[in-house]
Amino acid sequence: MSGIAGWIDWERDLSGEQNVLSKMTNAIQHRGPDDEGYWFSERAAIGHRRLFVIDPAGGKQPMVYRSGDHSIVLSFDGFIYNFKDLKAELENLGHRFGTESDAEVLLHSYLEWGEDFIQRINGAFAFAIWDERRQALILARDRIGVKPLFYKVHNSGVLFGSELKAILAHPEVKPEVDVEGFSELFGMGPIRTPGFGVFRGIQEVKQGHYVVFTKEKADHHQYWKLESTPHEDDVDTTVEKIREILKDTVKRQLIADAPVVSMLSGGLDSSGLTSMAARYLAEEGKQLGTYSLDFAGSDKHFKADLLHVSRDEPYVKIVAEYANTDHHTVIINHDQLTEHVFLPVEAHDLPALGEMEASLHLLFSEMKKNAAATLSGESADEVFSGYPWFHQDEFLFSGTFPWSAQIRYFKDVLNEEAIKTLQPEEHRNRRYQEAVSEVPKLDGESGIEEKQREMSYLFITRFLPFMLERKDRISMHNSFEARVPFSDYRLVQYLFNIPYSIKTVDKVEKSLLRRAFKGYLPEEVRTRKKSAYPSTTDPVYYQNIRKMLNELIEDPQAPVAVLLDKQKIRHISDNLFEKSPFEVGKMMEYILQVNKWMKDYNISLKL
């Protein structure tokens, strides 16, 4: 895993722009603290920050191949799951390799198959290829959007980077946000529209896409998308296929030249992956390290809600003992959460979630002490249709994103002038219509089945990228790699076409996954009802947040003040918290984060 950054210009000489490229790559040093590399020519300045996980000695980047008088240069972030298979195929075609890295396989794949090579690779990746022969820059992301990649067309060239901060570090780029950017923040919350970078002029390469830039134009290519086809396998065959894909991808994602551990929540998803991984490592005489998160006082403060049904820790202990892992529980208190509540702004360069990301940061910082990478159960709920939203008519037929209710207060705290200018509700409706217009229809499907396919599409293409972005930014902020086996595109595509009635064949969410993990988990865990990533219910933490928010709304110099209605905020935070603690709590955190972001990035909006 790494961080990439660069600058291409078809008219300006970049061969002497070392200082600028250093600023861009240093901005993402956390993504790769172990090594750095630079490559310059008249037209290109390409940088790389490297985290040692695969082939520390041989995987130095940018990686360069000489073809006559021209160079082909690669800067790559991620992990190619099938790189060993591709390497063997390329060797049979006459290619010779000097390293054991997946980056070199990626570069040779491009040399052999051109742009079509991207169809052959399976992994979590974002890369830039500068091809001097064509005077072309290629930017690409993996099919599901595990790894990030932003870009900005700049004068007669292009800037790119793994994170927004790499582009913002360029001295000629100003952190400007227009009305549409603020409409996105308050209409969509932290669940951004694919490709939209919020900052004026900055875009993100969409998942499943690559872009070819030349002096004349930018060609956007969608090389992968979800397709609707009839599901013809019976239940037993379906379960077996799911199990075989999971076994294959878990085994591939354990490949590393540094320790790999696993997150363990005690839920179905992470527990099943943990058990599979533990068995593979046991065959090599190794013990898997596992980590869980708990909040101080959670036994007293826990409150069940739609997404959080039961405490995790009792189930964590059962799985750790069953799979014989070396387990560590990280206990987090309200003071730590308060101290780190603004860290997500720094990690995302945008307002994000508060304590849910602060706790993840504290967990990863402990895991980093003993490992370089972790397996994560992220994505299972989105691809297996595990959320309650998938079967409740009020969400299926709501005419908007099903998670809108969770962020409903984000827009409700705006003043009348801000609502009139930003029109957050209209912005969200427009984004929703864009999303549902993309859904591939299946002939003969209608009614609730059609709505459930639509729901699945929304979660895979909108909600899942938000979850993966959170996992990437917070893990890489700790120079730590998070691997997500449930995001293997083979599994995602297969599950997309399985009707919800089969996904819940045993009258419980994720029935197929529960069957696939039979024999890998104790029954009380395999049959445990879904409970989402833990969120604190500690009253002291929310007292701290409410105090901070009250101080903010009384400060006329607060950057976000121009957007807010103080009376609305007071009413919601003082009167509605007991009824909707999660939703109101997230609103309070989000307003604080928006203000911190506007202040730190010197952003203003003139209404």
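**Helix 25 and its packing partners**

**View 1. Helix 5 against helix 25.** In this predicted model, helix 5 (residues 179–188) and helix 25 have axes that come within 12 Å and cross at roughly 160°. Because angles over 145 degrees count as roughly antiparallel, helix 5 is described as roughly antiparallel to helix 25. The crossing in which helix 5 passes helix 25 is right-handed. On the helix 5 side the contact involves Phe182, Leu185 and Phe186, which meet Tyr590, Ile591, Val594, Trp597 and Met598 of helix 25; by class, the residues of this contact are eight nonpolar, no polar and no charged.

**View 2. Helix 23 against helix 25.** Helix 23 (residues 539–553) packs with helix 25 (residues 581–600) at an angle of about 45°, the axes being 10 Å apart, and the two helices are therefore oblique to each other. Their crossing is left-handed. Helix 23 contributes Tyr541, Tyr542, Ile545, Arg546, Met548, Leu549 and Leu552 to the contact, while helix 25 contributes Gly585, Lys586, Met588, Glu589, Ile591, Leu592 and Asn595. Nine of the residues in the contact of helix 23 with helix 25 are nonpolar, two are polar and three are charged.

**View 3. Domain 2 and domain 3.** The domain assignment divides the protein chain into domain 1 (2–222), domain 2 (235–527) and domain 3 (539–605). Between domain 2 and domain 3 the C-alpha centres lie 27 Å apart, and 33 residues of domain 2 are in contact with 33 residues of domain 3. The area buried between domain 2 and domain 3 is about 2900 Å², with carbon and sulfur atoms giving 67% of that area.

Methods:
Residues numbered from 1 in each chain as written. Predicted model: local features only at pLDDT ≥ 70, side-chain atom pairs only at ≥ 80, totals over all residues. Heavy atoms only, no water. Axes fitted to C-alpha atoms, helices over the stretch in contact; angles between N-to-C directions. Helix = DSSP H or I, 4+ residues; strand = E, 2+ residues; numbered from the N terminus. Parallel < 35°, antiparallel > 145°, perpendicular 65-115°, else oblique. Left-handed = near helix turned anticlockwise from the far one by under 90°. Contact = heavy atoms within 4.5 Å. Nonpolar A, V, L, I, M, F, W, Y, C, P; charged D, E, K, R; others polar. Domains from an automatic or database assignment. Buried area = accessible area lost by both parts, 1.4 Å probe.
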